[in-house]
Amino acid sequence: MSKVRGRRKVCVAINSRANYGRIKSVLQAIRENPKLELQLIVGASGLLQRFGSVVDVMRKDGFEPNATVYSIVEGETPTTMAKSTGLAIMELATQFENLKPDVVITVADRFETIATAIAASYMNIAVAHTQGGEVTGSIDESVRHAVTKLSHIHFPATKLACEYVIRMGEDPSTVHFTGCPSIDAIASLDLSSPGDIFTRYRGVGADLNPNEPYIVVLQHPVTTEYGQGLQQIEETLNAVHKIGMQTAWLWPNVDAGSDDVSKGIRRFREQHQPKKIHFYINFAVEDYARLINNAVCLVGNSSSALREGAFLGVPAVNIGTRQSGREHAENVIHAPYDRNEIEACIRKQIAHGRYPRSTMFGDGKAGERIAQILGEAELRIQKQLHYT
């Protein structure tokens, strides 16, 4: 795509279902901004059917990619994760050479995120990073801060994260507290539950009734605890099964250890034939918001429990170390990888019910702010520790 005269070309790399939900409002705002020209690259698990084929969801939303990048090495081990990162760097470099963007946006803290930042920064392309400065567990903690140091414009989601990015030596003039774009998608959305929300998406398992209470579970592997995923997911499966409530269970992401988590789910399903659990691959951004908004409890280790969950006031049980140290509102309580404690926490949250809305992760206008800043900010690729 040729550059429209006078417009700054902004290339956004979408590599997973989580990526898309975290940046969709920014894509819309860039497209509507007369100073900007949107470019889209879709890659990694965003192209794979077994992870929800996010590219198809994007096309339905009116976003046609300029390029696609196949970079996932099968296996879901630490070795294949490292190889996938390297392959993504090579493939993204080719696409950046073709598209010649002025700035590249990379989202959050996944291995595809650092691949995007490495390729763009080495090609002297300005890198804009969302969700920097946050604290968590797993390899995500290291990746997130490494991407911050490779980036030139920062869009942290919370005030505390903004302070942390500056304390990492970034120039305060490049750090913009915008809130998280994931909140934008739900701030003005009709969050009532569609009558067909459990039947319009692919999956296997029990028939669920949206008019009766249900739990949502989303638990990913923890890369730094590779080899423990099977035992960890079995604890959660047994706890939820004992609760005996309708459950919409989403498939894990592509991180190292995903095969162990998936194996645990399949084995449990075959052994127990649960009568009230349905396993899903993916939901559209808006329908996922409706799904968790109308749930009595959100269970697992997804950041959506802490981000969107806070804004919606959904009771949530965060399991294990994946979100260790991340800011959260009062809607979240924590449980170790222990079925009895997980069960107790779920029952406690169901009994508590809804929590007050928190805007700590955003007020619904992050996308507009980010697009405006991208249209006006000076793009500098030379960096130094600011406190020197």
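Colleague: How much of the chain counts as buried?
Modeller: Bear in mind that this is a predicted model, where local features need pLDDT of at least 70, side-chain atom pairs count only at pLDDT 80 or more, and totals for chains, interfaces and linings use all residues. Residues are numbered from 1 along each chain as its sequence is written, and side-chain values use heavy atoms, with hydrogens and water left out. Buried means under 20% relative accessible area (1.4 Å probe, protein chains only). Of the 388 residues, the buried share is 61%.

Colleague: What radius of gyration does the chain have, and why does that agree with a compact globule?
Modeller: The radius is taken over C-alpha atoms, and the globule rule is 2.2 Å times the number of residues to the power 0.38. With 388 residues that rule gives a value near 21 Å, so the chain agrees with it at 20 Å.

Colleague: Which share of the contacts with a separation of 6 or more joins residues 24 or more positions apart?
Modeller: A contact here is heavy atoms within 4.5 Å. Counted that way, residues 24 or more positions apart account for 71%.

Colleague: What volume does the largest cavity have?
Modeller: On a 1 Å grid over the protein atoms alone, a cavity is a set of points where a 1.4 Å probe fits but cannot get out, while a pocket is an open set with protein on both sides within 12 Å along at least five of seven lines; lining residues have an atom within 4 Å of a point. Points are joined across faces, edges and corners, and a volume is the space filled by probe spheres set on them. There are four cavities of 30 Å³ or more, and the largest cavity holds about 600 Å³.

Colleague: Which helix gives the largest share of that cavity's lining?
Modeller: Of the 36 lining residues, Arg17, Ala18, Asn19, Arg22 and Ser302 are closest to the centre. Helices are DSSP runs (H or I, at least four residues), numbered from the N terminus, and α1 (17-32), α2 (54-60), α7 (181-187) and α10 (285-293) each supply at least two lining residues. The largest share, six residues, comes from α1.

Colleague: And the largest pocket: which residues lie closest to its centre?
Modeller: That pocket has a volume of about 340 Å³. Of its 14 lining residues, the closest to the centre are Gly52, Val57, Lys60, Tyr201 and Asn282.

Definitions and conventions. Buried means under 20% relative accessible area, exposed over 50%, partly exposed in between (1.4 Å probe, protein chains only).
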